[in-house]
Structures are given as C-alpha cells and as structure tokens.
Number of protein chains: 2
Amino acid sequence: MDLERSPLALPFPEMPPIAGVTLRVARARYKNWDRADLTYVELAPGTVAAGVFTKNVCCSTEVELGRQSAAQGSGRALVVNAGNSNAFTGYRGREAVEQIMQQVAAHLGCAPHEVFVSSTGVIGVPLPRDKAREGVAAALTAPPCSWEEAALAIATTDTFAKGVTVSAMLGETRVTLNGIIKGSGMIAPDMATMLGYIFTDAAVAPDFLQACLSGANQRTFSCITVDSDTSTSDTVLAFATGKAGNPLISSFEDPGADAFMAAMEDMCRQLAHLVVRDGEGAQKFIAVNVTGAVSDESARIIGLAIANSPLVKTAIAGGDANWGRVVMAVGKAGQPADRDRLSIAFGGVWAARDGLPLADYDEAPVAAHLAGREIDIDVDLGLGMGRATVWTCDLTHGYIAINADYRS
Amino acid sequence: MDLERSPLALPFPEMPPIAGVTLRVARARYKNWDRADLTYVELAPGTVAAGVFTKNVCCSTEVELGRQSAAQGSGRALVVNAGNSNAFTGYRGREAVEQIMQQVAAHLGCAPHEVFVSSTGVIGVPLPRDKAREGVAAALTAPPCSWEEAALAIATTDTFAKGVTVSAMLGETRVTLNGIIKGSGMIAPDMATMLGYIFTDAAVAPDFLQACLSGANQRTFSCITVDSDTSTSDTVLAFATGKAGNPLISSFEDPGADAFMAAMEDMCRQLAHLVVRDGEGAQKFIAVNVTGAVSDESARIIGLAIANSPLVKTAIAGGDANWGRVVMAVGKAGQPADRDRLSIAFGGVWAARDGLPLADYDEAPVAAHLAGREIDIDVDLGLGMGRATVWTCDLTHGYIAINADYRS
C-alpha cells in the first residue's frame, strides 16, 4: 500500500550536527523491503539519558527495559528496529533485545543498560535474532549518515520524515537540540507507535533532563491524539552529551535551567505536532484550546474528550461548525462543566456564549476558517483558571481506508 | 439524505396491547416533513414510573425534569418530540417543556410531574411552543395507534423501527413488557440520542421498578457503544400500569421478583442490541466477551475500551483477525491486565493464548467467521472471575459518510 504524502506535511529542516552524537543506518531487512530499517546512534561517553514511555499495561519488552535503563540515567547508544515491533512475543522477544544490548555494549565497552533499543512494526513475531545481529554489525561500521536518513530509517507507515531543531542560550553558551520522531498510522497488522528521540549537546544532570522531558511530555505528547488508541511501544528518549561546555545544570534553580526547559518543551511540541500532521487520513490540523476549567488537568481531559470525539472529528472533516457536538464532548468528559456557562468558538468567532447560540452569529468567516487546513476550536468553561491545548486531526475516509480496507 | 436500511435490521415484532397503555401520534411538524413526529402515551391512573438518564453533565432540560419526575415514581403520560432535541436552549427550552407538561396535566387532571417529556433532533433551537401546543392538542384527541407507528414517530435518523416484546410468569399471572426505542446516528447538526420506553402491565412498586431498570441498565444499555460519544438527552423510562393483577412486587424478596427482573433485563438487552444494529454505517454486530478480569466492572471497562477502539472496529470492518489491536485496547483501559496471561479468540477460535500467538492457529475458520454479520471476540485476562459482555458495531466508510460528508 502506497500512502500519499500528508497534505499537512512540513519539509525536513536543516539540522546541524550535535557534538557527541553519530548516526548510522543499515539494512536488517526485517521486512521484505530494500531500505535502511536499523538505526544506530552512538553517544559520547558521559552522555546522560532520560525517557518517557507508554502507559499501556501490555507494553513491549523494549519499553520495560528502556524504563530500567532510563532510570539509571546514562546512555551510550540507541538502536531502532523498523518493520517488527517485537511486541507480544514473550521470552523470545526479550532475548532478541538483550542480544542487541550485549552486542553493542561489547563493541563500545559499556554496560548493556547504556544501550537503548526500540522496535516498531508488525506484532506477535519475535524479532529475528540473526537479522538483528547482522544488521547491528553492519550499522556499527557503516559511515555516518544525516538526520534525515535516520528519520527515514526509523519510519514505518509515516508519509514524511520528521525532524525538529531548536537552540537556546544557556548563559553565554548556545546549545542545540535535535529531534526525530516517527508515528502516524497503523496498518494491519502493524500497531501505531510513536518513537521520538531528542539529542542535545547541553550539559545537564540526568534527573534534571528527566524532569524537563517529563514536564514537557505532559503538555505536548500527552496532549495529542489521532484516534485515542495507545500503542504498546510509545517511547520518547532524550540524550545530552554535555559537549557544549555550559556549566552543568542540575536543578531548576541553576542558571540556564529555564531556557533549557523552554527549548525542550518547544522541541517536544514541534515533534508532537509532526505526528498529528501525519495522522492517518488527516486533512486538517486541529488545535482545541480549553480555558476556564477548574484546573489545567481538567482542561486537558476535556480537551482530549473533544479531540477524541468521532462526531467532532467528522464534523471538522465536513467543514461543519457543529458546536452541539463540542457541547456533547465537554459533557461526557466527566469533569466539572456548566452547560449554561459554556462558550464555543471556531477560528476565534464565538458560535455560542454562556450556553446559548449567538443571535448575531456570522457563519461566513467560520465557514472560511473551516475550509482551511489549520482549525482552531476555543472552549471556555467559565468556571476557573485551568487551561490546556490539545492537538488532533480530523477523521476522514482515509482513516477507514488505511485501517479497514487494506490488509497486510 | 436517505439512509439505507441497516443490513443488521430485525423485523418489527407482533406486539400485544398492554392494559392501561394507549398510544397516539400527531404531526407537530418540528421539521419541514410530512410524518408523525409527536408521540403521546396515556397511562392509566396508578401507573408507576422509573428512569435512567444520560451521565452527560451538559444534559437537556428534558433530562433534568425527567430525573425529578422519575424520583416521584408515578406517571400518567409520556410525550416524545422528534426533530428538535431542545438541548442547549436555556430558559426558553425549559418553558416549552413545562408548557407541554401543564397542557397534558390539565387534560388528564394529574400533576405536571406525572407527564414525562423527551425530545430528540436538532440542538440549539428552542422547541417551538406554538407547534408543541398544537401538536399536543392534536395528539390528545388522535385515534390510538400501533406500537410500530409509535416506534416510527419517535425515530429521527433510525433506518428501521425498533420494538421488543417479552413476557414473564409472576406466580400464576402472565405479565407483558413492550418496549420501543430510537437511536442510531447523528447527522449534522443533530445529536445522537437514545430514547427508550418500556411499558408493562405488571403490578410493581416504584422503587422496585427503578431497581430493576437500574440493574438491567448496568448490564445492557451501559454495555453498548457505537462511537463512544454520549448524547446529552439519553433516556430510558419504564412504566408499569399494574393491570395484570399480580400480587404487588415491592422487593427482590417477593414472589415473582426474579422473573420480572429477568424479563426486564431481557427487554433492555434486546432494545440495546437494536440500537447497535442501527449504528451509523454498521455492517457487523460485534459482541466482546471479557472473562478472567479482577471484577465485573473491570471487565466492562476493558470491554468498552475494546469496543470503542477505532483500530479494533476498523479491523473487524476489514475482516481482519487483528488480535494485536485487541491487546493494545486491553492495555490502554487502565485496568489490571497481564500481557503474558492474555488470551484472545475470534468466533471461538483462540488466536493467542497466555500472551503468545498460537503456533497451530488455523486462520480459515476465523476468516469465515469475520466474513459474517455477527462477530464474537473473546478476551480472557486470566486474573480473576470478573466478566462482562459489551456490544458494538464496526467502523466503516458509512460512519464517515453520515457524519462528515452530509450537512443539514
């Protein structure tokens, strides 16, 4: 099945090198295809690591081991397998991951827990150990490659390569963050998987890196949804080589901490948006802005209820300013809300205020807004100061075509 | 938009009269159509009433007033408006409902709270009081009609009339329960609404009737889903005229109580199934049987996570025995589950057991099962004795067509 490039795709940016980070790719041929499908990232000694992982309780071995490695806080290498998720494969799947960790650890002379492994693709088939061994061996000696080549090698059903670069001044020192991510769709019998990797030359302590990543995750990756389904393999890892030479940041009180946190959140938000922009069948990028909730978390839950509502998503697909469906979604979220204080706008134009449709509501600018690619829905609950923004895409025939019409 | 009759439709049954229940319909012309759209049910003095209502916090005035009336436990009449849901219409919508209650109460010489009102259809437009007044006046003097005519008059976007009749022996006395229901789809800018009405000649106390309805609801209406969206108007009411002459049942200790409860649950299950069978775009009726959970409620939550998963629903639409998507849905439910104890079957054939794909899994009978209209998914968690069955339909291009492609 050949997927058309998403109409919401962004071009791959120019990404500078990150000192202490070397990318290489190889062909493990996990599927019957002729493309790089094994990505190997070598990290300088002293690189610190952090991670956030799926909350799905049926998670993969890679996620279990990745959590343990992230808790130790140091990383020397990352291996990403594309074409086989190794999920639901029991002890045989675990052995394959441990083999990769040991093979790379022996090459680098590091501890196995410093080698992070992710896999994405078909489920229920143990990662073939022979292919993994040969693929890793080839990758270890392959020439360095570009960020775009790595972004393509980790992809499965993505319709475009996804990368983001941001920089920040930490005192006198400019640091760079580069990120690549994959995720979009799930073609039978593959599973949706979002895998994201962030690399920086900043000098930061592992606990601080973890705190930045976890905090940013809560307002970015945890605020996107394509279809409400949660992969068993979702992973975002961050690695900091420290090569930029800034004074080490260990806590949010240290100079430069705020700037680094802001850069990390900017990075995560941009990466998260790229995943939504490649959502299966997506024709429109939707931002749901919830204000006036009793708390930020309540606003996020309400925003997700709206963004996950098939009725809201199909209304947007149809260019229909159907605020009644938004009211319904607010009401079903299980959070405090008062029908008679609710206000709803599309593209900044209020359609309903304080629980009533506006008498002088002008549909023309709303229709023009909904005909575009970037849709804004504002919901004010009129209760408190809680706010959140959630991002999603519309629900179209393309989603059904990808997930029902085609079989592997 | 003309909707094709659902391929899962059942014929309307022969339904006997219920002593003390008289049905009449009229044309209030809430929309520009030439059909009966106002249903009036007159109930004999002494009829007891019970109700279950949407949990959506942005519920309609009809739901708010219906809750209050059900708490009082007596019913003399029911009025159902089709074509206008009167939701999100503030005080003007409330005045229209109160007007109907008063008009019918004056006619019958009863209290206004004994008159139940439901409305379904377009939202954000107050129910027009003139049309309601004339429609009610016409209905009060209309000739009695059949159950099927009433089932058609309460319908909006349903593709077939929905009725169920069951009977039970309470000691020496045969009692009858008749039910009609509407619900299926939501065409912009209408909202999904499930409205169900159950009538019986059994003699039961109001608290007992409420307990039976609430208990049955938990295992029937609360176990169906079409698209996870919850209407602001969902309502199921039960009325018992007592004309069958059985000894009054006041508690679950009384003779006949178990038989009545079983009949009520059978009625509710059949009505609930009819709504799923008219789910928007539905081509397949899916039963998700969850066993081995830590509790019945945990099993229900996991079943709903599976039944609401767009990836599971599209897989079934495509005839794909994609157990990996079922694993994913189990894992995201937020309930206790152990990947390595999970077993999954389609049509009674195990595809995966104890967390591993079956080596000798025979896909042929599974493919044949999935090509049919009635699909069974069995999920055993291997943890405890909790069990639940949840019913849903597949997710097809028809759903997108109904909700995105057409506008009102």
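Guide: Happy to, and let us start with one pair in chain B. The side chains of B:Arg27 and B:Asp34 meet in a salt bridge, with 2.7 Å from N to O; the term stands for a side-chain nitrogen of Lys or Arg within 4 Å of a carboxyl oxygen of Asp or Glu. B:Arg27 is partly exposed at a relative accessible area of 44%, while B:Asp34 is exposed at 56%. Here buried means under 20% relative accessible area, exposed means over 50%, and partly exposed lies in between, using a 1.4 Å probe and protein chains only.

Before going on, a word about what you are looking at. This is a predicted model, in which local features need pLDDT of at least 70 and side-chain atom pairs count only at pLDDT 80 or more, while totals for chains, interfaces and linings use all residues. Residues are numbered from 1 along each chain as its sequence is written, chains are lettered from A and ligands numbered from 1 in the order in which they are written, and side-chain values use heavy atoms, leaving out hydrogens and water.

Now to another pair, B:Arg277 and B:Glu374, whose closest N and O atoms are 3.1 Å apart in a salt bridge. This pair links distant parts of the chain, 97 residues apart: B:Arg277 belongs to helix α6 (residues 257-277) of chain B and B:Glu374 to strand β15 (residues 374-380) of chain B. Helices (H or I, at least four residues) and strands (E, at least two) are DSSP runs, numbered from the N terminus. B:Arg277 is buried, with 11% relative accessible area, whereas B:Glu374 is partly exposed at 40%.

B:Arg341 and B:Asp338 also form a salt bridge, at 3.8 Å from N to O. B:Arg341 is partly exposed at 42% relative accessibility, and B:Asp338 is partly exposed at 29%.

Next come residues from both chains: a network of salt bridges links A:Glu64, A:Arg94 and A:Glu98 with B:Arg339 and B:Asp340. Over all chains, the count is 30 salt bridges.

As for how the chains sit together, a rotation of 180 degrees with 0.0 Å of shift along its axis superposes chain A on chain B, at an RMSD of 0.0 Å. The two copies are therefore related as by a two-fold rotation axis. In chain A, the C-alpha nearest the axis belongs to A:His397, 3.0 Å from it.

Technical notes. Least-squares fit on C-alpha atoms with pLDDT ≥ 70 in both.
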